[in-house]
Amino acid sequence: MVREVPLWLKVAAGIFLAGMTLLLLGPLVVVLGVSVSESQFIAFPPQGLSLKWYAQVFGDARYLVSFRQSLVLALIVTGLASLFGGASAIAIHRRAIPGAGILATIFLSPLILPTIIYAVGMLMFWSATFGAVSFLTLVIGHTVICIPYVLRTTLAVLSESDPYLEEAARTMGAGRLARLWFVVLPQCLPGLAAGMFFAFNISFDEAVLSLFLRQPDLTTLPVRVYGQLEFSPDPSVAAVSSIMIGVTVLLLLLADRILGLKRFSEG
Amino acid sequence: MTDRRENLLLLAPGLALLALAFILPIFRMLALSVQGEDGLTGAHFARFLGDPFYLGVLWRTVRLSLLITLICAVLGFPFAYIMARARPRLRTLLLIIVILPLMTSVVVRTFGWMVILSRNGILPEMLRDLGLAGRSFQLMRTETAIVLGMVQVLMPFMVLSILGVLARLDQRLEEAARTMGCSFLGALRHVVLPLSMPGIAVGAVLCFTLSASSFVTPNLLGGTRVQMLAASIYRAVTQTLDWNFAAAQSVILLVGILLVMAPYIVSQGRRHG
Amino acid sequence: MADLTLTGIRKSFGRTEVLHGIDTVIEKGSFVSLLGASGCGKSTLLRIVAGLETASAGRVEIAGQDVTALPPEARDISMMFQSYALLPHLSVAENVRFPLRMRGIGNREEQAARVAEALETVQLSAFANRKPSQLSGGQQQRVALARAIVSTPKVLLLDEALSNLDARLREDMQLELIEIHRKLGLTTLFVTHDQDEALSLSDRVILLDGGRVAQAGSPEEIYEAPQTAFAAEFLGAANLIPAEIGPRGTATLPGGQHLPVPENMPEGPALLAIRQEDLVLSAGGKGISARLKAQVFMGSRTRHVLDLDGHRLRALSLGRPGLVAGETVRLAVDPDRIAWLPPAPTDRPE
């Protein structure tokens, strides 16, 4: 058989895969381990087994406020990004407007521009124009970052759909709004959903923009964790981090259930 | 209502948001970078380019980013290849192994590395036990720590970029190469590798730009002593409050990144045009 | 009574005009094919009838009403697309109900009854609750057909509707189309590039060439009496031989040989159209002589390529005539099977 792979190579591949798994998942496993340790100090492998750090996190008002802020932020951003990104994707997909290709590039540019540069610009612009940054600043900033993801996933599913669906709907008597609602939107849904998962995940985990736009009363969960790490990390940080990993796993399971992992990875 | 008006209506909100909350801030930053006490000035750039400390930061940023990109490519290519050719169940497992860290907050992943690399962490202990390092051996706050952490953070981008190309590659090309006398590795070297180049190139551009502009991981693993450009920008914004200087550094980073991406953007433009 | 009247339809994309003034009247209940090679403008014409394209000039009337300015959703039409354009998120029954819902035809019960009837007609009742992706290509095709007929439109438009099917399914579907047309009597405009399909399905064929009507008429008329070289070549791939018609029914061919033709042919230069199946080949019989260059045995028939004094001819015989490639053979033609065409101004390239 032509595809036969030599045995030594199979063994080498196995060792390689194990090493890569260790590299990729190691840090996450370590965080999870530290979070269930009894020790007062951060240590891995964990000494003893206890959930006391989780109890401490759930009793800490600062963490709870941050968690709520992150959650509310991510939900609002997900909604806005899918609205803006989805509508733009439909218009760009139709290619009825001259320069649709250039438009797509403009819409995707927040993806290319490093977040730190955008964060610097946003902070300076907002301070000069509107004064102190606020929750709204963060909502807008995150939405701008997340729109390209929704746009990309939505454009991808639209380009796979039958290009004659809208015309067919017209010949069957569907007016403008009926076409958007009954034909175009259902085509967009898988892409919109994938984009929403990305948007929620990115907004919930985003640290750079949130750090630059940080205010005393505006500290998202990643920023709170970052602050702890810079100064005095104790195992409660590991517990919060583990909860964040949990949220990610939950999102991935949900995404897999609804969309299939394959589509998700292509976005 | 015409089709065009409907499309413009769909496009308007997103476009307006982008113009107001993306384009304008970038211009604000560009403006600040050349703004002096009285009118235009290149002083902020001169300060950066005339100071050996900042030149050192810039050089470290470029050097480490190149190294990180190289490691990602060398490890990412075989990984992506195995993924592309693995049976479905193994492929799904490997996909999870790649995506799970990608979707986890960078702060959390960096925390993991801080534990692993700390004075009493697993890696230094192991090296000491093996006699490969002395008692005072330290990994935290070194360039090695930054490289290790960044490779883990950026590996998924490289793997997924290469996988995107490999998944579309006709497997019969390899079989054809084998029937023409190539060994397994020969087919990999002469057929798969050249054809994966577009994916590797995209992955490399991504890795380099993300690594050069990364802030959280280098800052937490490298500390104040081993600064990269993004950390220096953060410091200028939040600690020295010298926003003009921060803007100038951002422009330097932006120009560097655009230079790296230029060939890619041009080739993309050609494909669409 | 006419159900569809097109008057002076012109269409330009940018500076190129693809339709140069099309006039035609389509009778109620007839099945008309728009036939032509790709790029002849037949699909554009169909899309203008549907309202998906706007004509640069001209008028479209459906059932006596001027609809030129109306969008597709306001025209009493339905259209079947080459790609079927089934809505993937809707079930088969919901797809078929879609035009009724959009046009507000009937209440829920009436719609359900009409959907059931349409699915019955295409023999897909058992698949009503499936999604299109769970159907074979042929079944998807029939869903599209059911969806096109369910609203009993004034004009049914079919755009290369059978092109995506393999040969067997296609023949089945052609018979089904004829059957449905007979049963419902919908005025049908059918775009195709396949001459056999056009000839076998339609009451009338409109042959388009370069954005103009090359010929229109019944399938028999078009096949038997082509009026242009294009019509003769496109339908049945006839041989076109330049000739000089002499007195008393004799034509002189390029190489100097003589061929008997009907006596009423006008004297002077002409182009003779002879169908492949009308050339009778024999090893040593009567007729003009030509060299047999190659032949392909195809089961029930044999295809020949001949050289008539430097002019390439194609012939089709039943069975296996037992000729040897490379030798000179005899060609005979029934004079009544030869069609006269005006001489080409310049020689058409082969």
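In the predicted model, five strands of chain C form an open sheet in the order E13-E12-E11-E14-E20 with antiparallel pairing, strands being DSSP runs (E) of at least two residues and helices runs (H or I) of at least four, both numbered from the N terminus, and two strands being paired if DSSP finds at least two bridges between them. The edge strands, E13 (258-260) and E20 (339-341) of chain C, each pair on one side only. Within this sheet, strand E11 (residues 239-246) and strand E14 (residues 268-274) of chain C are joined in the antiparallel sense by seven bridges, and Ala243(C) stands opposite Ala270(C) in E14(C).

Because the model is predicted, local features need pLDDT of at least 70 and side-chain atom pairs count only at pLDDT 80 or more, whereas totals for chains, interfaces and linings use all residues. Residues are numbered from 1 along each chain as its sequence is written, chains are lettered from A and ligands numbered from 1 in the order in which they are written, and side-chain values use heavy atoms, with hydrogens and water left out.

Over all chains, 27 salt bridges are counted, a salt bridge being a side-chain nitrogen of Lys or Arg within 4 Å of a carboxyl oxygen of Asp or Glu. One of them links Arg94(A) and Glu166(A) at 3.0 Å, N to O; Arg94(A) lies in helix H3 (residues 61-94) and Glu166(A) in helix H7 (residues 165-171) of chain A, so the pair ties together parts that are 72 residues apart in sequence. Glu166(A) also forms a salt bridge with Arg179(A), with the closest N and O atoms 3.8 Å apart.
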